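Let us walk through this structure one region at a time. Keep the viewer open and follow the residue numbers.

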Amino acid sequence: MFRVNEDYLKLPGSYLFSTIGKKVAAYTAANPDKKIIRLGIGDVTQPLCPAVIKALHNAVDEMADASTFKGYSPDLGYDFLRNTIAQKDYKDRGCDIAADEIFVSDGAKSDSGNIQEIFSKDTKVAVCDPVYPVYVDTNVMAGRTGVYDSETGLWSNVIYMPCTAENDFSPELPKEVPDLIYLCYPNNPTGASITKDALQRWVDYANKNGSVIVYDAAYEAYISEDNVPHSIYECEGARTCAIEIRSFSKNAGFTGTRLGFTVVPKDIKTAEGVTLHQLWARRHGTKFNGAPYIVQKAGEAVYSAEGRAETQQQIAYYMNNAKCIYEGLKSAGYSVYGGVNAPYIWLKTPDKMTSWEFFDFLLETANVVGTPGSGFGPSGEGYFRLTAFGSYENTVEAIDRIKKL
Ligand code: MLT
């Protein structure tokens, strides 16, 4: 009889957003007349912008013509996109990143889940708490997280870095030195951001201790303040310790189109004398056949003058929603965080409700779906996340309903 990977059996429950999806589906089936407003999962609602649609149409036409048809994409990405990213996301910001250090993929979720594969099984991992669940779950699958304590919701072999209102959602540098540190800024789920000086301290810490930082910058396009870095490579020394993950999902509405990339500088060397760049290239080549040509052409269009202007309008639209949520809840007496450099608003649940109690209460009384903070980790207990990715009309209606509770 076959046996399964026992590490998968250690995963508690289902994936956070699947659990929420099932609960909402059950409520909707029992209450078909209610208008549910979904501000739970961070999924965009604005259509792809005209520059992207035009690029998609053109690329589809190329696929219909034998002289321009494309088969497999290069597994690391087409040069036209890697060169554009290197120039616009990095060189234009003064960051020393070359096109061949950029690995194009089908999205940041896969990359942030897969990157742990190139590290040894005894790698000690540090995560913020609360945290995007993919980082922890994929390390559980890899068998390096130890034993799960269902009382505390903690894994014995993970270093948790609590982020709460008391420390302004900024984790301390860990005393026990991790091998791999996951940081996400602007942060999902708390909406917190990091200053360049604070990020420099993490880079210095990693270089001093021989740690690697996986820096998830999926929400960088939402940064509005000047002292907040868009890339970890704005920090001195990041080339020797940091991997950066980026996404087109939130900056250009590609959640259903799928495109992202990971930067692995050639300067991060392992104790065995190989580079992480070599290993990630080997992994990519073996397990991935490249993001679709038409999608990479769409990604390239995001960097055109039209694409830039149009996607900036989308971001402004969502950030107007964020303001509406933030100010609406604040005026209703809630303690609210985030929403300035990020499309997420993080709030304290009222009346000492647990995160899941507030989830049920909001769903049943206001027909609004959010995400329970405890689903992101034990330090998220008593908090709740709302996303700014809904339509403006629904966002206003949701906040009006919450204010009336
Ligand atoms: C979220 O809601 O946290 C995100 O949409 C999840 C993701 O990007 O995979």
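The model is a predicted one.

Met1 sits in the segment before helix H1, which spans 6–9. Is Met1 buried or exposed? Its relative accessible area is 91%. Exposed means over 50%, so Met1 qualifies. Together with Phe2, Val4 and Leu9, Met1 forms a nonpolar patch. The accessible area of these residues together is about 550 Å². In soluble globular proteins, nonpolar side chains tend to be buried together.

The largest nonpolar core has 93 residues. Which residues have the most contacts inside it? They are Leu183, Ile213 and Leu329. Helix H11, residues 305–331, supplies the largest share of this core, 7 residues. Take Leu329 as a way in. A second core is separate and has 28 residues. Leu76, Tyr132, Val140 and Trp280 are among them.

Next comes helix H6. This helix covers residues 133–141. It is mostly covered, with 7 of its 9 residues buried. The buried residues are Pro133, Val134, Tyr135, Val136, Thr138, Asn139 and Val140. Look at Thr138. Its relative accessibility is 11%, and the cut-off for buried is under 20%, so Thr138 counts as buried. What does its side chain reach? The side chain of Thr138 comes to the backbone oxygen of Val134, at 2.7 Å. Setting aside neighbours within four places in sequence, Thr138 contacts Ser112, Gly113 and Gln116. Just after H6, Gly143 takes a positive phi of about 80°.

Most residues other than glycine have a negative phi, and most peptide bonds are trans. Here are some exceptions. Pro130 lies in the loop between strand E3 (125–129) and H6. The peptide bond from Asp129 to Pro130 is cis, with omega near 10°. Another cis bond runs from Asn188 to Pro189, with omega near 20°. Pro189 belongs to the loop between strand E7 (180–184) and helix H7 (196–209).

Stay with Asn188. This residue lies in the loop between E7 and H7. Is Asn188 buried or exposed? Its relative accessibility is 6%, under the 20% limit, so Asn188 counts as buried. Its side chain makes a polar contact with the side chain of Arg385, at 2.6 Å. Leaving out neighbours within four places in sequence, Asn188 is in contact with Tyr132, Tyr219, Tyr344, Phe376 and Arg385.

Asp168 has a phi of about 60°, although it is not a glycine. It sits in the loop between strand E6 (158–162) and E7. At a relative accessible area of 57%, Asp168 is over the 50% cut-off and therefore exposed. Asp351 has a positive phi near 55°, and this residue is not a glycine either. Its loop runs between strand E12 (344–348) and helix H12 (355–365). With 71% relative accessibility, Asp351 counts as exposed.

Finish at Gly390. Where is it found? Gly390 lies in the loop between strand E15 (383–387) and helix H13 (392–403). Its relative accessible area is 6%, so Gly390 is buried by the under 20% criterion. Apart from neighbours within four places in sequence, Gly390 contacts Leu39, Thr45, Tyr317, Tyr318, Asn321 and Thr395. Among these, Tyr317, Tyr318 and Asn321 fall within the residue range of H11, 305–331.

Note on methods. Residues are numbered from 1 along each chain as its sequence is written. This is a predicted model: local features need pLDDT of at least 70, side-chain atom pairs count only at pLDDT 80 or more; totals for chains, interfaces and linings use all residues. Side-chain values use heavy atoms; hydrogens and water are left out. Patches are made of residues with over 30% relative accessible area and no salt bridge: like charges are joined within 9 Å, nonpolar side chains (Val, Leu, Ile, Met, Phe, Trp, Tyr) within 5 Å. Accessible areas come from the Shrake-Rupley method with a 1.4 Å probe; for residues, only the protein chains shown count as cover. A salt bridge is a side-chain nitrogen of Lys or Arg within 4 Å of a carboxyl oxygen of Asp or Glu. Helices (H or I, at least four residues) and strands (E, at least two) are DSSP runs, numbered from the N terminus. Buried means under 20% relative accessible area, exposed over 50%, partly exposed in between (1.4 Å probe, protein chains only). A nonpolar core is a set of buried Ala, Val, Leu, Ile, Met, Phe, Trp, Tyr and Cys residues joined through side-chain atoms within 4.5 Å. A polar contact is a pair of N or O atoms within 3.5 Å; within protein, one must be able to donate a hydrogen and the other to accept it, and residues adjacent in sequence count only if both atoms are side-chain atoms. Contact means heavy atoms within 4.5 Å.
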